[in-house]
Amino acid sequence: MTDTPPGSPGSTPVLETRGLRKAFGGHVVLDGVDLSFEPGGLSALIGPNGAGKTTCFNLLTGFLAADGGEIRFKGQDVTRLPPHRRARLGICRSFQILNLFDDDTVLENVRVAVPSMRARGFDCWTPAGAVSAAEDRAARIVRLIGLGGRERVAARYLSYGQRRLLEIGLALAGEPELLLLDEPTSGLGMRPMETLRELVQQLSARLTIVVIEHDMDFVLTLSHHVTVLHRGRVIAEGPPAAIRDHPEVREAYLGRLGAPAPREARG
Amino acid sequence: MGTVLARWAPPPMLAMFALFLLLPTVLPRFGYTYLGTEVMIFAIFALGYNLLLGYTGLPAFGHGAFFGIGGYLLGMTQKWTTGGLALPLVAATAGTLLFGAAVALFVARRRGIYFSLLTIAFGVMFWFMVFVFDTWTGGEDGLTGINRLALLGYALRDNVPFYYFVYAWFVGVTLVLWRIVNSPFGQVIRAIRQSESRARAVGYDTARYKWAVFTLSCGFAGLAGGLYALARFGAFAEPMSLSQSGNVVLMCLIGGGFASFYGPVLGVVVFLVLRDVLSTLTDHWMLAYGVLFMAVILFMPEGILGVVRRLRQPAGFHDTGAAHAARAEEAAPPLHSRAPGERER
């Protein structure tokens, strides 16, 4: 791939869906969703509560089976692949509700998610700490997410903000080509929020990131492309500036987006 | 040097080995040598079972079946082939492993209550098969006439030599299991217990790991069952009953199998010794026994070593030699990191 700017038209999408459908009982959650994420940069998936964003992630990562439609990753049909197969291809996710290995240390959490460790998953004899490739990579990721010095702390004893960062660290450890972050800033205070923004910004320079996010300041300042989901359908997509002024989006959000320019809104 | 030793056997394990090594100097005086042997046999069973319960978080309730199968396989091999000790023990272990592998194909994809129910169903099925195939198993009468034979000139019929014969297996199994729980495989099964969905999200085919760990634990159950058949000079159906299957779960829980590698061993000691002591004190020992275990489950759900752990420090679940070495180098450990003294798991 040449050095096309993120999201430039014409490049092969990293991830593409066609007519994605999902219903729970009679309740249709996703009703023919077409998505397309170009390589590089940060795209945002937004929409009011219940719009189907997390369901969409669960379909993309294989945690739920699609009722209809197709998912392609770098041109390959992955619609029927189980979650671990998709993770191995490079589709890595974080969870909206913290989902960590709480009893294990920060380093162990990340280490078990590193592909070189995964490749030796059935090794019953070597001490896990002696798999040096995995150990080194895990240590680098721990520093990258700003948890350097806390390697030996059990995940349950981290602060909430640090746990949020570790949540991303676990997704990053899998050497993703596509990183799906489900509300990474949820519940964060000012300081950890800044750390997280910097981290995501830094990552988006070399990865394709799709983020579900409610913080509009985060979405509008960091993303290059926004997709708006409402009642299981894509109602708008485009660059953040266009989305902010999109009438249908304003209506769907009932003022959340229509409020004064987001920078000021945050105070 | 220290780390090499720690990689194989950390201090608490060496202490445990030393204790069991010296026990025959006192036990025969009380006539308890056989009880000591039984403790080690059930420790092998419980340690292997704890891979499943404590490490992977899979509550299998029919594991007594595999213990029993090990006994029958040992007996049948000894009676109908060349006899001896080596081949029957290999057959008990490997054969039970295969039975486990087959059952695991059915249970590895089940979760929660469905997993437990299915393991019970298989346990009951094997229990009935003992009576259906009574020409092989001896049915109600059991498969008697199993011979302990002799090793290195020592007649294993005598309790002290047999104690040390079992001791060697106990040490070997403990060392192997310690390697397993600290290996990448050990990390993965622990990850599955803590969050199966996350384990899948980071690329693990968790069903395959559950299959493997179930199979492994059955291998250890088969070995223990084989040794038990030698100990009792016969293989019987009784360890395969549902209530006996429940005992190994209790042993792991009481000792603290979720909190410590050594939990199952302590649980076995408490369980078997208490049974012996209580049954000499009162005819209603079952009642006292039941009340006691209810109290443990109610007031110490993490088991004895879980409570010990909690009182000592706000610690994580486990440790490895490497982690320990690295931590020792840390000048000022953060507030909530594990205390340097922690070793076991």
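User: In strand 8 of chain A, which residue is the bridge partner of A:Leu178?
Analyst: A:Thr208 is the bridge partner of A:Leu178. Strands here are DSSP runs of E with at least two residues, helices are runs of H or I with at least four, and both are numbered from the N terminus.

User: How does the chain get from strand 7 to strand 8 of chain A?
Analyst: It passes through helix 7 (residues 190-204) of chain A, in a right-handed β-α-β crossover. Right-handed means that, with the strands pointing away from the viewer, the path from the first strand over the helix to the second runs clockwise.

User: Is this model predicted or experimental, and what pLDDT do local features need?
Analyst: This is a predicted model: local features need pLDDT of at least 70, side-chain atom pairs count only at pLDDT 80 or more, and totals for chains, interfaces and linings use all residues. Residues are numbered from 1 along each chain as its sequence is written, with chains lettered from A and ligands numbered from 1 in the order in which they are written.

User: Why is strand 8 of chain A largely enclosed?
Analyst: Five of the five residues of strand 8 (residues 208-212) of chain A are buried, so the rest of the structure largely encloses it. Buried means 20 or more other C-beta atoms within 10 Å of the residue's own, with C-beta atoms placed from the backbone; exposed means 12 or fewer, and partly exposed is in between.

User: Which residues are on each side?
Analyst: A:Thr208, A:Val210 and A:Ile212 are on one side, A:Ile209 and A:Val211 on the other.

User: What about the sheet, which strand order?
Analyst: The order is 6-7-8-3-9-10 in chain A, an open sheet with mixed pairing. Two strands pair if DSSP finds at least two bridges between them.
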